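Dear colleague,

I am handing over the structure we spoke about, and my notes on it follow below. Please read them with the model open beside you.

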Amino acid sequence: MLQYSFAKSGRHFLQIPGPSNVPDRILRAIDRPTIDHRGPEFGVLGKYVLEGMKGIFQTKSPVVIYPASGTGAWEAALVNVLSPGDSVLMYESGQFATLWKNMAVKVGLKPEFIEGDWRRAADPAAIEARLKEDRGHLIKAVCVVHNETSTGCVARIPEIRKAIDRAAHPALLLVDTISSLGSIDYRHDEWGVDVTVGGSQKGLMLPPGISFNALSDKAIAASKNSRSLKSFWGWEEMLTANKNGYFPYTPNTNLLYGLHEAIDMLNEEGLENVFARHNRHAEAARRATRAWGMEVFARLPSEYSGVLTTVMMPDGHNADALRKVILEKFDMSLGQGLGKISGKVFRIGHLGDFNDLMLMGTLSGVEMGLEVAGVPHKKGGAQAAIDYLAECAKAPVALKAAA
Ligand SMILES: *Cc1c(COP(=O)(O)O)cnc(C)c1O
């Protein structure tokens, strides 16, 4: 038999910023017989998850579910509303923005990429300035990554919406929330987003394998005029079949059992509480980082991510060597630096099914790893996080779980 892991006791710490830990409740929900996807039982499941996901995206418009990783839903968003040769405005917030831009080229679009240094998220002012220049309205869409998983910077989507409105520009707004949905506050309708792209294996706590497009009326209208070649990704057949809870082709039935459970778990805790928990863990991780004498990669406090903390290595020390030590000695996976910051940073994922003690295990593992790997640092990072979490626990509970 193929050996996936060494004989180790206790649970592996999967502290990459997605895939995240899959809770036992979801694993049990998935562990059921696959049913007839055209039968009556399936229609009930399909309707429940399609309806439930509207709540998670905070939208009244339809949500499309694909049996694909997030990358598939990225492509679906582009090919449903745009046509070959269309200009799209994108912002270089990090590796995921870069990959989406590369995909836009491959599907025949003309992306304009506003350069960024990766230490901040998509800049509303830069987007506004570029749209104001585009008097002929050649730019058909603005595409931004909400939580840039390669850097830990969060784009202020309401500001970007205002920037588009101030420029009085008709471009559609497309947002990637693959790593923020169900972890960081996100409001598809209120923020005037046309297509939101989501994924299963990050904040939604599911295994990889399903992804989403949340739509708007404007996006659905644009899809009627799109000339991009598509079949599998097309919304039209999906929306027709979805009306009764069904899909035009075989859906990922067992992952939909898991999605049903994930929606219930998020609603039981209450989305506000879920977001507050992520922010608390992120603040504790940043305090630990600074106590180690190390620097948080994200530059602006207003863009700090609740999902992950990206830590910069001291000069002359490689992040991947540190991650290797931590994996071997403490059985914990941390996120690697991607693209042009490879080796220079490591990423601590603190998302999904996660609590204070799991965070303390994670930060203790990092602190021990710094010691074992001989990376210069100060003691007391884990202690700084303990102090903060204890302080939070003493405070009266501000938010009540949703009924
Ligand atoms: C993970 C991720 C993707 C890619 O999703 P896959 O499921 O790996 O295809 C895209 N964008 C962001 C922001 C991500 O975090």
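What covers the buried residues of α6? Before the reply, a word on conventions. This is a predicted model, in which local features need pLDDT of at least 70 and side-chain atom pairs count only at pLDDT 80 or more, while totals for chains, interfaces and linings use all residues. Residues are numbered from 1 along each chain as its sequence is written, and side-chain values use heavy atoms, with hydrogens and water left out.

**Helix α6**

The cover over the buried residues of α6 includes α5 (124–133), β5 (139–145) and β8 (172–176), where contact means heavy atoms within 4.5 Å. Helices (H or I, at least four residues) and strands (E, at least two) are DSSP runs, numbered from the N terminus. In α6, which spans residues 157–166, the buried residues are I157, I160, R161, A163 and I164. They lie on the same side of α6, because the arc they cover around the axis is only 160°; that arc is taken from the directions from the helix axis to the C-beta atoms. Buried here means under 20% relative accessible area, exposed over 50%, and partly exposed in between (1.4 Å probe, protein chains only). After α6 comes A168, with a positive phi near 50°.

**The ligand**

There are 13 residues around the ligand, of which S69, T71, T149, D176 and K202 come nearest; a residue is counted as near if one of its heavy atoms lies within 4 Å of the molecule. For polar contacts the criterion is a pair of N or O atoms within 3.5 Å; within protein, one must be able to donate a hydrogen and the other to accept it, and residues adjacent in sequence count only if both atoms are side-chain atoms. S69 has a polar side-chain atom 2.6 Å from an oxygen atom of the ligand, T149 has one 2.4 Å from an oxygen atom of the ligand, and D176 has one 2.7 Å from a nitrogen atom of the ligand. Of the 380 Å² of accessible area that the ligand has on its own, the protein covers 87%, with areas from the Shrake-Rupley method and a 1.4 Å probe (for residues, only the protein chains shown count as cover). Helix α3 (residues 70–81) gives the most to this shell, with three residues.

N147, in strand β6 (residues 147–148), is buried at a relative accessible area of 2%. Its side chain makes a polar contact with the side chain of S179 (2.9 Å), and, leaving aside neighbours within four places in sequence, N147 is in contact with residues including D176, I184 and S305.

Y186 sits in the loop between β8 and β9 (195–199) and is buried, with a relative accessible area of 1%. Apart from neighbours within four places in sequence, the contacts of Y186 include H146, I157 and F275. Although Y186 and R156 are 30 residues apart along the chain, their C-alpha atoms are separated by 9.9 Å.

**Backbone points to check**

The peptide bond from G18 to P19 is cis, with omega near -5°, and P19 lies in the loop between β1 (13–15) and α1 (24–30). W118, not a glycine, has a positive phi of about 75°; W118 is buried, with a relative accessible area of 2%. H137, likewise not a glycine, has a positive phi of about 55°, lies in the loop between α5 and β5, and is partly exposed at 29% relative accessible area.

With best wishes
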